[in-house]
Structures are given as C-alpha cells and as structure tokens.
Number of protein chains: 4
Amino acid sequence: MYSVAVLGATGYSGIELLRLLTFHSKVDVKAVTADKNAGYTLDKVVPPLKGYYRLTCKKIEDIITEKFDVVFLALPSEQSKSVIKEFLNPGSIIIDLSDAFRLKTKQQDSLLDAIYGLPELNRAQIKSAKLIANPGCYPTGAIIPLAPLLKVNIIKKERIIIDSKSGVTGAGRNPSQELHFSEVHEGFKAYKPIFHRHVPEILQALNVITGGGVNVTFVPHLVPSNRGIFTTIYASAESNKNITQAMLEDLLIRAFKDEPFVRILKSPELPDTNAVKGSNFIDIAVRFDEQDSTVILFSAIDNLVKGASGQAIQNMNLALGLDEKEGLFTPPLFP
Amino acid sequence: MYSVAVLGATGYSGIELLRLLTFHSKVDVKAVTADKNAGYTLDKVVPPLKGYYRLTCKKIEDIITEKFDVVFLALPSEQSKSVIKEFLNPGSIIIDLSDAFRLKTKQQDSLLDAIYGLPELNRAQIKSAKLIANPGCYPTGAIIPLAPLLKVNIIKKERIIIDSKSGVTGAGRNPSQELHFSEVHEGFKAYKPIFHRHVPEILQALNVITGGGVNVTFVPHLVPSNRGIFTTIYASAESNKNITQAMLEDLLIRAFKDEPFVRILKSPELPDTNAVKGSNFIDIAVRFDEQDSTVILFSAIDNLVKGASGQAIQNMNLALGLDEKEGLFTPPLFP
Amino acid sequence: MYSVAVLGATGYSGIELLRLLTFHSKVDVKAVTADKNAGYTLDKVVPPLKGYYRLTCKKIEDIITEKFDVVFLALPSEQSKSVIKEFLNPGSIIIDLSDAFRLKTKQQDSLLDAIYGLPELNRAQIKSAKLIANPGCYPTGAIIPLAPLLKVNIIKKERIIIDSKSGVTGAGRNPSQELHFSEVHEGFKAYKPIFHRHVPEILQALNVITGGGVNVTFVPHLVPSNRGIFTTIYASAESNKNITQAMLEDLLIRAFKDEPFVRILKSPELPDTNAVKGSNFIDIAVRFDEQDSTVILFSAIDNLVKGASGQAIQNMNLALGLDEKEGLFTPPLFP
Amino acid sequence: MYSVAVLGATGYSGIELLRLLTFHSKVDVKAVTADKNAGYTLDKVVPPLKGYYRLTCKKIEDIITEKFDVVFLALPSEQSKSVIKEFLNPGSIIIDLSDAFRLKTKQQDSLLDAIYGLPELNRAQIKSAKLIANPGCYPTGAIIPLAPLLKVNIIKKERIIIDSKSGVTGAGRNPSQELHFSEVHEGFKAYKPIFHRHVPEILQALNVITGGGVNVTFVPHLVPSNRGIFTTIYASAESNKNITQAMLEDLLIRAFKDEPFVRILKSPELPDTNAVKGSNFIDIAVRFDEQDSTVILFSAIDNLVKGASGQAIQNMNLALGLDEKEGLFTPPLFP
C-alpha cells in the first residue's frame, strides 16, 4: 500500500480526492490537513464521508516531517508555492491541483519544473514524474478535444473560440457574495471573459502540439448547478481539407481509441454534463458546419473529477506504475 | 379599452401574456382559448392567476365569429397557420408568437405577409402593421446586439458565432422525456446545433441590415433554470477599423439611447439572466479581444418576456399607437 | 405623493421593497441607505433595478436629519434597535422588517411599543399605527391559516406541529459557508429545530386569539430554491366537533372572504410556492385526516413579498389610509 | 459469479441498479429488459453507462426461458404482478422493487408471499428469502428511525406525524405535465396528502413492532432536486418516561450500532440529503421538544439507493449469503 497525504482536504477538490480514494485498492490515506479545521476528526468536518476515514485534520506544519509516497496539494495557488518544498524528496510524488506550477515560463527553480499532468497528451512523461501540475478544469475540457484536430492540421490554429460553461463547484468552497446561493440560482452569466487566468495554460498545451501560433478567445460562464463543465469550441477548417462529419468522428475515435476515460459520441448524440457526473470521463462530440467551414467540438466533464481530483489520481496511478484506471473506473451518477 | 383575445392561453407564452396584461391600463382580455382545457375557468387551469380574470377557456372555433382589436396567437406554428385567416379582418391586429410567418420567403399569400416585430429594427413598420410575426427568443437575443455593429461595418458579416444558452421554458410546456425534471436538472447540454430552425430567421434580419452575405454558426444550449436566454456572440473585427473597448461601448450606447428596453452595461459589468427575469429588458455588454481581433457581444433576456410575450405586447402598443412602455415597464424579479 | 426612505436597500428585503414600490402610484422613494455601498448609485449596486431610481446609496447617519412620511427599516435586528429612535417623530410611519420590535415582552420603552403588522389579524390597529413590526416570514405562513380555526375552537391549541420549508432568500444576502451555492443546491435539510427565534412570535400571535395556552413544535427546513415558504401544519381536531373536509374549507373561505391577498384552494387543489412567486398572496388549503382526527393546513407564500416587503407595503397602505392593494396586486411570475 | 437479470433497466431504479452493480465483485449482469428500447444496446439507451455493459435491451418475453440467480424487477406494479410467475423457480431469488408484493393482506397466492426487504427489521428472514418485496422509498425513511423508539415504548403509537420531502426521481422517469422541468423547478408543494399508497406499508411494518395500534398521518412533498428524501417525524413521548436528548441519541446509537448503513448524527448535527447522495446510507438524528413532549426524528436517504436499488442489492447480498456491504459501501457524492 502506498501512503498518501491530502493537503487541503476540506475544500471541494480535497473532499473529492478522499471520496475517490475510497475506491482505490493500492493506497492508504495517512494524513489530511485543513488549517481551519485542524484538530477535528474528518468525520466531523466532512459529514458525507463519515465512516470512511479514521483521521484527524492537521495543520500542514504538523506533517512536514512525515514522508508519504504521494502528496496531493489541493491548496490555493499561493499556499502551494509556499509549502511545496517541504514535501519535495526523492521518494515522493507530488501532485499539485492548483495553477502554481502549470506554466513553464513561471518556474525559475528547476526543482519546481513540473510535468503537466494531462495523460491524453503527456502520458509518457507523467510515468516518470516526481512533480505533477494537475491541469485546470477549463483547460482539460478544451485541450483534449482540440489536440487531435490540431495535430493533423485539420483546423486553423488562429481564432479558436472556446465557450465554456461551468458548474459552481469550479469556483471553490469559500463563501462570497457572488457565489451565495440566491445570486447564482436561476441565473446564467459570463465572467472574466478574454483575460481569464486559464488562457495561458490552454495556449501552452496547444502550442506544444502545433509548434506555436495558437490563438484562442476564451469565455467562461457560470451554470446554476454543482458539477460539470460543458465546452463548445468553434474552429475554422483548413480550407484545403475535404472535411466531412464522418471523417471528423473517425479521426476522434482513432485518436482516443486507447484512452480509458475518453468517450466519443457519434452524431446525433451530444455530450451532457449529467452523463459524466461523478466520473472521470470526458465525453466528446464533433459537428461540421459546412456553410462557413466551422468545426464545432463539444465536451463534457465533471470539473471535480476529470477536471481536478480524478485526473490527479489518474496521474498518481501513472506515476506509481499502477493500472491507470485503478479506483477510477466508477460510472457516472445519473441523474 | 381595446378588446384582446389570447389563443393558446395555457402554454407558457399564453400565461405570460395574461400575467403582463394585468399591468396594462388600455386593454381588456375578452377571450382566451385552450383546446385541452376548454370549458374550465382560467382560475382553475392556471392557479397562479387566480383572482385576475373571470374568464372561461374556450375552443378556438368558438370565438371565430367574435371580433377583437388585438388577437394574440400563442399557438404551435402549424395551428397558427391553420386558424389565422379566421381572425384576419380590417379592424384587428394579429400578433403571432410562433415562427409561422417570420420568414418572407415562405409566404405566397400576400394577406399573410407579416411585419417582423422587432421594434429595435422595425419600429416604423410595426406602427402600421396588421399582422405581426413576433420574433423568436434566440433571434431576439442575437439580432439586437449585432445590428448596430453590422450597420457600421465594424465587424465582418462572415462567420459570426452565436453561442446561446436558454432556460427550459423556451422549449414550451408539453411534457417530454427530454424535458422531464430529472433529465435536465443539474445537467447542461447543447441541442440541435447548426441547423436549428432559428438560423434562417437570424440571417433574414441581419441581411436586411448588411444587404446580404451574413453567415452565422448557431449553437443553442439548455440551462437547468426556468427563464432566461444568455447569448455570447463572437465576430471578427473589420481589420481596417481602429477598434477599442470604449468605442464599442459608445457605439452601443448611442445606438440604443432611445430604446426603452435596451440597457447597455459598461465594463466590467456583464449581463446576468437573473437581472432581467420577468422584465422586458435586454441587457447588453461588449468586449474586444485585441489579440485576435474578436468582438464579443453578451446579451441577457427573459425568453418569455422580451423573447416572447413582452415583445408581443410591445408590438401591440406600437400598432395601437399607445406608449410603447404601457404595462411593460415592470422591473425584474431579483433574485 | 408620500415620501419614503428605505434603510438597508441592498439586502433582499430592501431590493424587494424597491421593486414593489415601482408599482405604487402614491409614494416616492426619496432616500436609500446601504452602509457598505454608500456613495454608489443604486443603478450600479443593484443592476436589476437599473433605470428605475435616480438615487445614490447613503449611510444611515446621513439621512437622520431628513423627514419622511414612511421609513422602512430593512436592517439586521440589532441595527434596527440602534437607529430607530432617530426616525421616530409625529409625522412619520416606521415599518421595521426585523424581529426587533415584534415581541411585546421585550419592550420597556413605550415609544417602541409597535403594532404587529399582520393585516389579517390586526387591520384596525395597523390603520392608526406609527410604528409597525412587520411579521417574520415563517410566522406569516403559519399564523394566517391557523387563526380562523383557533378562533372557533375547532382544533386543539396544544401540540400544534408546524413543519416549514423555506427558500434560501429567507436567510438573507450575507454570504456564509452554509449558504454557499453548492452546499445548498440539490440538498434538503432541517435547521435550528424547536428553539427557533420565530417560535415566540408565533405563540404571541396565536395566544391573542385563544387567550393563551397555545403550544407549537416548529421545525424549519431549507429548500434549494430562491423564494417561497411552504408550511404544513398538523393540529388535533377538538373531539366534540363534527368535522368534515367541506366544513373546514367553508370555514376558511368565510374567514378570509374579504381578504385581498388570501386565496383558499379547494380540494383536490393544494398550494405550490410556484403559484405565488413574486406576489403578495398566501394560498391556503386544508385537509382532514379522519383516521386520527388531524387537521392539516397548507400554505404557500413568497417569503420576500407576503413574508416581508409586500406585507410591509400592505401595512404602509393601511397606515396611510390608502387602498390596501395599491401597488401590490401584481400577479405571480409563473413559472 | 452469480447471474443477474434487471427487468426495467432504463427507468431510474433500473439504471441505478446497473450503476451500483458495477461495484459488485460477485455478480454478473446477464440480461436487461426495456420494452420500449428493446433491440438497442444499453450504451445507446443509457449514455452515462457507456462502456460498462456489453448488453442489448430485450423484451421480458425474450428472457423468460433463461435462468438467473437473481432477478430484479424494476417495473411498474401491475407489470411486476403479471410477469413474476415466469421467474419464480427454486434456484432464483426475485427482488421486486414495486409495491406489488409488499402488503401481506393483498396476497392470496402463497407462492407470492414475499419477505419485506428492510434489513434493519427483517435481516434473518431476508437471508432465506426467495421472493423479496423491496420497501418503498418513503417507508424506508420513516420506518427505520421509528422502529427502535416504538420497540421500547418511548413514544406513543397513535398520531405519529410523518412529513416527507422527496426529490423528483422518486416519481419515476415517465414524462408528465406535473414533472415537466419548469413546473417543478423553483417550486415546492405537497401532493396526495393523507391517503398516499405508502401509508399501509408503513403501518404494516410498524404494527409488527408494536403488536398493532399504530396510527400515522403522512404528507409527502416534492423538492425541486433530483435525489433525496428528507423525513421529519413528530411523535408524542410516553408520559411516564423520563426522556432526555442524550437518552434518545444513546438509544438510537445502540439500536443501530451493528448496522452498516445507518449513521446516527449527534446534536447539533442534522441530516442533509446532500450528505447521502449516491450512497446507501440513512442518516438519522433526533431531538426532544420538552415543552410539549414531542420527539422529533430526522432522516435523510438517497431515494434511488437506500430507498430503492441500493437496498435491493443489500437484500440480494443477504439472500445470497454474501457480505451485506459488498459493492454497496461507496461514499456519497458531495456536493
């Protein structure tokens, strides 16, 4: 059994890690931290998990002398940066769920040169990684479907439009006026268009595929539901390709045929966040709008699973040399 | 007092017409039809309106001998077509809320040559109209913000992308598997992408402005809420324009300065369907993504008000020569 | 035109007062306060109301030298107590929406001896009141249906069980972990059972009717929706009465026949919060469970209207000698 | 591996059986039926389960010649009655999820004399059962918490009030006007009070404990969410008992200490349907209202798991002699 620590165990990503790890037969959660709830049992702090873990929440500083095979950082970005060095050591794998280490350009300390943990792009590297930067939920929903099309130059890399719609858990568990129940419920809105912090992450991943030159317009929206990111992507077809609906579907099916967590839906089916809830799947569909040569990609993920904690466990499995699906191949909760 | 008939009074558009008309001081609802509920009082069939109307639901055939100053058809498209001639007469104004008469190309009978009832585009014509085709909810949310930008050629008319998100009342009141509560709740999905029946309506209206050549990709999505359409529009800036955020906002403000139901939000504000619920407003904002010269428009409407029954009353006011705001300038219900 | 001030204008009750007052033809809102947003225009702070008021939010201390015909206090209880004396003067009517002045036993200062503003019980007193304690939302939903049955001794006054279910706006607009969107959405729970602060208010009102001896068990629950309180009340029938369903319905109909905002639903109809949303109605139904001689009462209100701001305006109308329905007889928003 | 058939596989209970059985290591689903979807693959008919079963939906008549170790009937009551005999045979265990065989008084055919499948009451009998009537969701939420208190006569068996609140999946998957998304969303209502079909089932189970004389008033309500039943129960304390909060909690803890799926929450904690979603738990709390000697019980279950398919699998495990928790001890999905 591998020993695991979950830092930031009482945020949504932390709770989701703990929920998913109950399915895992090869790891043992040895420590959980939760600064505000330090000293309380996990049963008390997270009632849904009552009966699953006999653990008491600690402060991060209380566990820095311990060693774990895997350390999950489900912390705010700044806090990740400030504590990560305490956990770097030869025998440990660190998986950071924040955006602290995702951008290459930001790291000056080579110790903190993380592998970008998107298995569908980077599986080989992840397998030998010691520090993994777990992708953001929005980038996950956008990069995976775009990758195979960009790889074969079937779509233009300029002016890709990514219109994303996320459930509210994506914004975390801290209360705020904007995320107060009645401010969100029954409403629908865009927020932080264009200059969203996720854009550089998307560009970095896509530019690796294309060799540079990718340009995206990204607008996130808030859906009045708990979980799920639905992404609609509009890209211009390369004019010299004879694109058809069948060819696009075929391309996606072939590209992802060995991916355990990617499900391609054939027309007329389309993804629905309700069909992936609680699971690590990304459901993808494509359409071709012949009239103006636009390729439309659709994806649905659970932002807390494939968009965060599930993907983190997928990365852990890879880095530990385990079956990638171990503890993760649980079906969606419907409805 | 003008006499009014509401045909199809127990669908969502019909109920909304009746709700809004309680605020109107110049009209009197004289007859309501509801085929399935004929013979029952409106109080019984629509409990929320109990106490407002002393009317009994009739069959359409039972009122064709009566004359009304205004007849609202809140019927399925096919039914509108089959009954409309019974109500055409010199003294009456007919406002059809279906898509039966919106497209010019479809009408071979000049009697049925309707005016497209979007006051922000067609106010002068509506004032003397006898037959008004009330716009669709999706087209309303897309056409109004696009119109002023297309008028001054600040955006390209090719490859305009319209990503719309609608509450469930937009799909009507008839039960179906797809609109069963638990199928929709907590989910999010696209439906009928590309070839949606609303595309020709959008193109027709925009081509009037540009003189032709408009091309749109339209994808509607279903939001798990009752009311509201949020529309995100992506258009390429004309390269020879020096576009700035301030210029775009200014252009919108000037274009709509006399419009009673258009509210332009300045950056950093963005529309929210929660801020227009129950009202006839369309809230609009714009952003400029300099990096790839994309103009992004945002609009929020209540699909049952500005997207249907409120706009129908706005059209009625215009056609009757009344104050356009009469009975309609009621504030949103928040939250 | 009567001059009005709304203190605490940017909480849900304050916003709802401002929304409802747009329908009122006899009053003019002259001042609004919002401590945290002082200095900003109402348009900016409450976007849904954009275009309705040309007012700037002030601090309470900035308006204490002004005189108003009516002052609404939509403030936290403690703040109401600390500022109310500044607004007490012979020419003003004060309507306090908090629970600061509802209980007789709490007041030692006779100046602060408020009239309990439940028109269905206290109409005569309200008409000459200068200080009105607006009832709580839970008490409103419970007291109105119980009153006529207790008045004629048809139910026992001991062990009345009140099981209430409230939408989230009832808990106010301040963000907290418990009211964070994802903590509430898709959940359902009871909170603060038995010793809820609303119990003494319910008892005080019912004991006036019975001459004392009323005993209630009250459990509030949180519904994952914005507006609405649904109340289910269980009371034992007095054994010496020959109770029937018809008799109970008849009793309610007669008791409330002159009440403009009470709607009695006959079996098999039952209230639904969706049928009163945005309106000042209380919908009531009754059932008799013969098997164990239990009378069941059902009521539905919009907690922000009949449960708060609508009732406050109803009280204002009475105290000013206006038509009680002025500006308030607007129909529910459905759905 | 035991062979399993799921009849009615595409209703909510059927889908939930299939979801839960993916966690089970000892059974193999060999056949699924779905009359309307016969001939289609399960992948196509239930997209969320895509990738889990290589099965094609059949008609019931197509599998009656096959033998299975376990047959789940997730069918409407009438259909269960009409097909059950086809599957009765010595080697099979039949678990019926409808209410067809729950009431003893209804069965005249001794072959159809089912065991009532509530493990917390009937574990011993279930272990040797061949035909199990799986309890209703409302009865499950009410009977389990009441049982230990009735057993020791700490509460009166007359006039027990059960106020239940259910998510919409409890009403099944068939579309209807009443369960159309927008009719339910944002609303809250009671339905079928008093004479609900679940009352006799509750009485039968409780009368076994008390030896007769139980009397309940039962009112179900509809919560605008997908899953979850929250039950609030009010019972009069037996006057000759010295009841305290601590004694009641202790009684519950002891009564359920060996129950794997019952979690007792101590004051001030209270159940929340969000804390059991997707799991087989029933969370229970109790309060004592001293003032009028009322004991209040609270329970939360997921109506599709402990209220239907999870309990059915728990029964299967018992009847097959497996570990009761096999495949069922999966944690709730939060949020």
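**Chain contacts and local surroundings in a predicted model**

In this predicted model, the side chains of Asp163(D) and Lys165(C) meet in a salt bridge, with N and O 3.1 Å apart. On the chain C side, the elements that give two or more residues are β7 (160-166), α6 (181-184), β8 (189-190), β9 (216-222), β10 (229-236), β12 (282-289) and β13 (294-301). Of the side of chain C that touches chain D, β10(C) provides the largest share, with five residues. Sorted by class, that side holds 22 nonpolar, 14 polar and 13 charged residues.

How much area do chain C and chain D bury between them? The value is about 4,100 Å², and 53% of it lies on carbon and sulfur atoms. Within chain C, the residues that lose the most area to chain D are Arg159(C), Glu186(C) and Phe188(C), which together account for 19% of what that side buries. The contact draws on 49 residues from chain C and 49 residues from chain D.

Attention can now turn to chain A and chain B. Here the contact involves 49 residues from chain A and 49 residues from chain B. The two chains bury about 4,100 Å² between them, and carbon and sulfur atoms give 54% of that area. Which residues of chain A lose the most area to chain B? They are Arg159(A), Glu186(A) and Phe188(A), together making up 19% of what the chain A side buries.

Two salt bridges are counted between chain A and chain B. In one salt bridge, Lys165(A) pairs with Asp163(B), and the closest N and O atoms are 3.1 Å apart. The interface of chain A and chain B also has 26 residue pairs in polar contact, both at pLDDT 80 or more. Several elements of chain A give two or more residues to the side that touches chain B, among them β7 (160-166), α6 (181-184) and β9 (216-222). The largest share comes from β10(A), with five residues. The class make-up of this side of chain A is 22 nonpolar, 14 polar and 13 charged residues.

Next comes a helix of chain A. Helix α1, covering residues 12-21, is mostly covered, with nine of its ten residues buried. The buried residues of α1(A) are Tyr12(A), Gly14(A), Ile15(A), Glu16(A), Leu17(A), Leu18(A), Arg19(A), Leu20(A) and Leu21(A).

Arg263(A) sits in strand β11, which spans residues 262-264. Is Arg263(A) buried or exposed? Arg263(A) counts as buried because its relative accessibility is 6%, under the 20% cut-off. The side chain of Arg263(A) makes a polar contact of 2.8 Å with the side chain of Asp283(A). A polar atom of the Arg263(A) side chain also lies 3.0 Å from the backbone oxygen of Ala275(A). Leaving out residues up to four places away in sequence, Arg263(A) touches residues of chain A including Val276(A), Phe281(A) and Pro332(A). Arg263(A) also touches Pro47(D), Pro48(D), Leu49(D), Lys50(D) and Tyr52(D) of chain D.

Gly91(A) lies in the loop between α3 (77-87) and β4 (93-96) of chain A. Gly91(A) counts as exposed because its relative accessible area is 52%, over the 50% cut-off. Apart from neighbours within four places in sequence, Gly91(A) is in contact with Phe68(A) and Asp69(A). Lys67(A) is 24 residues from Gly91(A) in sequence, and their C-alpha atoms are 8.2 Å apart in space.

Finally, a word on confidence. The mean pLDDT of chain A is 96, with 99% of its residues at 70 or more. The model scores are ipTM 0.96 and pTM 0.97.

Note on methods
Residues numbered from 1 in each chain as written. Chains lettered and ligands numbered in written order. Heavy atoms only, no water. Contact = heavy atoms within 4.5 Å. Buried area = accessible area lost by both parts, 1.4 Å probe. Salt bridge = Lys/Arg side-chain N within 4 Å of Asp/Glu carboxyl O. Polar contact = N/O pair within 3.5 Å; in protein donor to acceptor, adjacent residues only side chain to side chain. Helix = DSSP H or I, 4+ residues; strand = E, 2+ residues; numbered from the N terminus. Nonpolar A, V, L, I, M, F, W, Y, C, P; charged D, E, K, R; others polar. pLDDT = per-residue confidence, 0-100. Buried < 20%, exposed > 50% of the residue type's maximum accessible area, 1.4 Å probe, protein only.
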